[in-house]
Amino acid sequence: MAIIINIDVMLAKRKMSVTELAGRVGITMANISILKNGKARAVKLDTLNKICRALACQPGDLLEYVPDDQEPLKEGDQ
């Protein structure tokens with residue numbers, strides 16, 4: 001996947017545990033782990049908003065685009 005979620009980086013910078021973040025955001029530790037490990041297929045904007053609020057960061061601090069040269073563009077993609 002070309003989108004990398006850097007929650008682990010922000011957790012380390014804020015010296016916060018996954019357990020604490022899950023409690024502040026109101027989602028399960030399992031769901032935080034899915035995001036953290038890059039297994040998520042989607043993120044609700046409301047959840048992203050709550051994570052940014054809890055970590056005092058911007059969405060760009062959490063999300064990174066890394067081109068995947070092996071994945072050809074489909075018709076209609078830009």
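Buried means under 20% relative accessible area, exposed means over 50%, and partly exposed is what lies in between, with a 1.4 Å probe and protein chains only. The model here is predicted, so local features need pLDDT of at least 70 and side-chain atom pairs count only at pLDDT 80 or more, while totals for chains, interfaces and linings use all residues. Residues are numbered from 1 along each chain as its sequence is written, and side-chain values use heavy atoms, with hydrogens and water left out.

**Exercise 1. Find the salt bridges and say how exposed D46 is.**

Step 1: look for a side-chain nitrogen of Lys or Arg within 4 Å of a carboxyl oxygen of Asp or Glu. The structure has two such salt bridges.
Step 2: one joins the side chains of R24 and E20 at 2.7 Å, N to O. Both residues sit in helix α2, four residues apart, or about one turn of the helix. E20 is partly exposed at 34% relative accessibility.
Step 3: D46 and K50 make a salt bridge at 3.3 Å, N to O. Those two are in helix α4, again four residues apart and about one turn of the helix.
Step 4: D46 has 44% relative accessibility, so it counts as partly exposed. K50, at 31%, is partly exposed too.

**Exercise 2. Describe how α2 packs on α3 and on α4.**

Step 1: two packed helices are described by the angle between their axes and the distance between the axes. Axes are lines fitted to C-alpha atoms, for helices over the stretch in contact, and angles run from 0 to 180 degrees between N-to-C directions.
Step 2: α2 (residues 18-25) packs against α3 (residues 29-36) at about 110 degrees, with the axes 9 Å apart. That makes α2 roughly perpendicular to α3; the cut-offs are under 35 degrees for roughly parallel, over 145 for roughly antiparallel, 65 to 115 for roughly perpendicular, and oblique for the rest.
Step 3: with α4 (residues 45-55), α2 makes an angle of about 120 degrees, the axes being 9 Å apart. α2 and α4 are therefore oblique to each other.
Step 4: α2 crosses α3 in a right-handed way, and its crossing with α4 is right-handed as well. Right-handed here means that the near helix is turned clockwise from the far one by less than a right angle, left-handed that it is turned anticlockwise.

**Exercise 3. Locate K15 and A56, which have a positive phi without being glycine.**

Step 1: most residues other than glycine have a negative phi.
Step 2: K15 has a phi of about 55 degrees. K15 lies in the loop between α1 (7-14) and α2, and is exposed at 77% relative accessibility.
Step 3: A56 has a phi of about 50 degrees. Its place is the loop between α4 and α5 (59-62), and at 59% relative accessibility A56 is exposed.
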